[in-house]
Amino acid sequence: MTVPALRLGGLRISPPIGLAPMAGFTTLPMRLMARRAGAGFVYTEMVPAEALVRGCPIVRRRLAISPREHPVIVQLYGADPSVLADAAAIAEDAGADVVDLNLGCVAPEALRCGAGAALAAQPVAAAACVAAIASATRRPVTAKLRAGTSPANRSYLDLAKRLVNAGASAVALHARTVAQGFRGRADWRLIADLVEAVQVPVLGNGDVRSADDALAMLATTGCAGVLVGRAAIGNPWLFGGITARLQGCSMPAAPSPGERLAAALWLIGMLSSGPLAYDLPALQRQVLPLLREMPGIKKLREAVAAARCVEEMRQAVMTYWASVRQEAGA
Ligand SMILES: Cc1cc2nc3c(=O)[nH]c(=O)nc-3n(C[C@H](O)[C@H](O)[C@H](O)COP(=O)(O)O)c2cc1C
């Protein structure tokens with residue numbers, strides 16, 4: 001079966017299934033795991049344009065891009081066109097294949113500076129931001145938005161048309177309104193309506209939890225690509241299942257305890273050393289979701305959550321792994 005491809009500017013991406021941007025989660029290691037498992041492309045965490053341009057070291061870290069993760073979409077947030085333009089140039093230099101503007105974030109850090117969902121509520125200003133980014137980078141520019149502020153105010157079709165006119169090569173839609181937050185169901189009919197309304201590829205997003213969901217979203221909405229968010233946290237292998245289904249192959253086996261534990265140890269190593277070096281709570285937040293679907297896993301989860309340093313965390317995983325191997329008679 002031919003796997004469909006997504007075209008973003010001059011890029012051809014296959015499979016058209018991507019890891020959605022998630023602050024605190026889509027760090028470099030998670031992106032690498034997603035790509036290795038079969039994701040066609042990945043987004044960074046959202047990067048504050050103003051702090052990036054100012055040279056803030058923690059923010060620069062979000063732009064650490066590995067040669068093994070391309071194609072990677074760097075997502076910026078901000079509301080000042082000239083700052084966003086400077087940030088886009090920095091993102092391109094750092095290795096971004098695509099520069100994306102966040103127009104859906106409802107976190108206070110974004111709303112406070114008039115960015116994310118606040119900027120989406122100002123369609124003329126949002127289009128000016130996309131135009132400024134497009135003029136500052138040779139990379140394709142995209143935007144990720146929600147359906148509007150509330151069910152009574154679904155402004156996304158008008159907004160998306162303006163963004164495309166301003167230079168967006170694709171638009172991603174999280175098919176919920178701002179008022180919904182993450183509650184209720186994503187309304188995939190809104191994605192289908194957007195596909196009809198714009199001439200550029202649409203990336204559908206919201207509530208894809210399985211390979212069946214991904215194929216259903218592609219088939220029922222006509223979208224050119226699918227973004228997977230929460231379901232990929234602790235389960236990068238989901239991308240392998242989606243790719244297999246797109247290829248018409250049988251589903252790969254679920255990861256074994258050994259694969260999960262090896263992934264957890266690799267993640268601990270990546271997140272605790274070198275320029276990435278995250279603090280302990282950030283490490284625990286990213287590692288814990290991998291520790292599931294194994295016998296007696298509750299105890300390991302508790303030990304990892306209670307660890308006072310990286311070494312204690314690593315030791316807890318190794319001890320548990322030794323017990324799993326012993327029980328399996330290895
Ligand atoms: C923890 C978390 C962090 C997120 N951070 C971002 C972000 O930085 N930028 C963004 O555009 N969306 C962000 N999102 C929204 C997701 O990209 C996605 O639109 C949403 O989770 C719906 O997709 P899903 O049902 O597959 O999770 C975040 C979501 C979660 C759960």
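Reader: What should I know about the model before I start?
Author: This is a predicted model, in which local features need pLDDT of at least 70 and side-chain atom pairs count only at pLDDT 80 or more, while totals for chains, interfaces and linings use all residues. Residues are numbered from 1 along each chain as its sequence is written.

Reader: Okay, which domains does the chain have?
Author: The domain assignment gives domain 1 (6-247) and domain 2 (257-327), with bounds that come from an automatic or database domain assignment. The centres of the two domains, taken over C-alpha atoms, are separated by 29 Å.

Reader: And how many residues are in contact between domain 1 and domain 2?
Author: On the side of domain 1 there are 11 residues in contact with 12 residues of domain 2, where contact means that the C-beta atoms of two residues, placed from the backbone, lie within 7 Å. Helix 1 (residues 28-37) gives the most to that side of domain 1, with 4 residues; helices (H or I, at least four residues) and strands (E, at least two) are DSSP runs, numbered from the N terminus.

Reader: Which classes of residue does that side of domain 1 have?
Author: By class, the side of domain 1 that touches domain 2 has 7 nonpolar, 3 polar and 1 charged residues. Here Ala, Val, Leu, Ile, Met, Phe, Trp, Tyr, Cys and Pro count as nonpolar, Asp, Glu, Lys and Arg as charged, and the others, Gly among them, as polar.

Reader: Back to helix 1, is it mostly covered or mostly exposed?
Author: Helix 1 is mostly covered, since 8 of its 10 residues are buried, and the buried ones include Leu28, Met30, Met33 and Ala37. A residue is buried if 20 or more other C-beta atoms lie within 10 Å of its own, exposed if 12 or fewer, and partly exposed in between, with C-beta atoms placed from the backbone.

Reader: What covers the buried residues of helix 1?
Author: The cover includes strand 3 (17-19), strand 4 (41-48) and strand 5 (72-77), together with helix 11 (238-247), helix 12 (257-272) and helix 13 (280-287).

Reader: New topic: how many strands does the barrel have?
Author: The closed barrel has 8 strands, running 3-4-5-6-7-8-9-10 with parallel pairing, and two strands pair if DSSP finds at least two bridges between them. Neighbouring strands of this sheet are turned by 25 degrees against each other on average, direction ignored; axes are lines fitted to C-alpha atoms, for helices over the stretch in contact, and angles run from 0 to 180 degrees between N-to-C directions.

Reader: Are the faces of strand 9 covered or exposed?
Author: Both faces are covered, with Val202 and Gly204 buried on one side and Leu203 and Asn205 buried on the other. Helix 9 (residues 188-197) lies across strand 8 and strand 9 (202-205), and runs at about 175 degrees to strand 9.

Reader: What about Val141, is it buried or exposed?
Author: Val141 lies in strand 7 and counts as buried because it has 27 C-beta neighbours inside 10 Å. Leaving out residues up to four places away in sequence, Val141 touches several residues, among them Val99, Ile133 and Ala168.

Reader: Which peptide bonds are cis?
Author: The bond from Ser14 to Pro15 is cis, with omega near 0 degrees, and so is the bond from His70 to Pro71, also with omega near 0 degrees. Pro15 sits in the loop between strand 2 (11-13) and strand 3, whereas Pro71 is in the loop between helix 3 (57-61) and strand 5.

Reader: Last one: which residues surround the ligand?
Author: The ligand is surrounded by 22 residues, and the closest are Ala20, Met46, His174, Gly229 and Arg230; a residue is near a molecule or strand if its C-beta atom, placed from the backbone, lies within 6 Å of it. The shell divides into 10 nonpolar, 8 polar and 4 charged residues.
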